[in-house]
Amino acid sequence: KLIYSWVSSKSMQNSVCTLYELSEGEDSEGTEFHGLEKWLLLRALQTLQDQGKAEVINFDGNEGVKFF
């Protein structure tokens with residue numbers, strides 16, 4: 001819920017982010033999910049995917065997520 005609220009506040013729907021950008025990027029500094037371990041971040045993103053709000057993707061050997 002926190003991640004999707006942040007995405008909405010940044011108008012990042014229909015954009016792709018790497019997992020690194022979400023958990024370690026400058027834009028996410030100060031959020032409750034900044035520095036979150038990868039396995040927990042993936043679990044949260046899987047929940048958003050199940051709700052139809054995101055899709056976890058792999059591209060060029062990187063893991064990312066597209067938000068809807």
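Biologist: In this predicted model, is Glu 26 buried or exposed?

Modeller: Glu 26 sits in the loop that runs between helix H2 (19-24) and helix H3 (38-50). Its relative accessible area is 70%, and a residue is called exposed when that value is over 50%. Because 70% lies over that cut-off, the word for Glu 26 is exposed.

Biologist: Which residues form a negative surface patch?

Modeller: Glu 26, which is exposed, belongs to a negative surface patch. Asp and Glu are the residues that count as negative, and the members of this patch are Glu 21, Glu 26, Asp 27 and Glu 29.

Biologist: What pattern does the protein follow when it is read along the sequence?

Modeller: The protein has three helices and three strands. Read along the sequence, these elements follow the pattern α-β-α-α-β-β.

Biologist: What radius of gyration does the protein have?

Modeller: The C-alpha trace spans about 25 × 25 × 20 Å along the principal axes of the protein, and 31% of the 68 residues count as buried. For a chain with 68 residues, a compact globule would have a radius of gyration near 11 Å, and the value for the protein agrees with this, as it is 11 Å.

Biologist: How many Å apart in space are Gln 13 and Phe 68, C-alpha to C-alpha?

Modeller: Gln 13 is placed in the loop between helix H1 (2-9) and strand S1 (16-18), and at 30% relative accessibility it counts as partly exposed. Along the sequence, Gln 13 and Phe 68 are 55 residues apart, whereas in space the distance from C-alpha to C-alpha is 5.0 Å.

Biologist: Is Thr 31 buried or exposed?

Modeller: Thr 31 has its place in the loop between H2 and H3, and its C-alpha atom is separated by 8.5 Å from that of Leu 2, which is 29 residues away along the chain. The relative accessible area of Thr 31 is 18%, and the cut-off for the buried class is under 20%. Because 18% falls under that cut-off, Thr 31 is buried.

Biologist: What is the phi of Ser 11, which is not a glycine?

Modeller: Ser 11 is found in the loop between H1 and S1, and at 59% relative accessibility this residue counts as exposed. Although Ser 11 is not a glycine, its phi is positive, with a value of about 55°.

Biologist: Where does Asp 60 lie?

Modeller: Asp 60 has a positive phi of about 50° although it is not a glycine. At 78% relative accessibility, Asp 60 counts as exposed. As for its position in the chain, Asp 60 lies in the loop between strand S2 (54-59) and S3.

How values were computed: Residues numbered from 1 in each chain as written. Predicted model: local features only at pLDDT ≥ 70, side-chain atom pairs only at ≥ 80, totals over all residues. Heavy atoms only, no water. Patch = residues over 30% accessible without salt bridge, like charges linked within 9 Å, V, L, I, M, F, W, Y side chains within 5 Å. Areas by Shrake-Rupley, 256 points an atom, 1.4 Å probe, with all protein chains shown as cover. Salt bridge = Lys/Arg side-chain N within 4 Å of Asp/Glu carboxyl O. Charge placed at Lys NZ, Arg CZ, Asp CG, Glu CD. Helix = DSSP H or I, 4+ residues; strand = E, 2+ residues; numbered from the N terminus. Buried < 20%, exposed > 50% of the residue type's maximum accessible area, 1.4 Å probe, protein only. Rg over C-alpha atoms; globule rule 2.2 N^0.38 Å.
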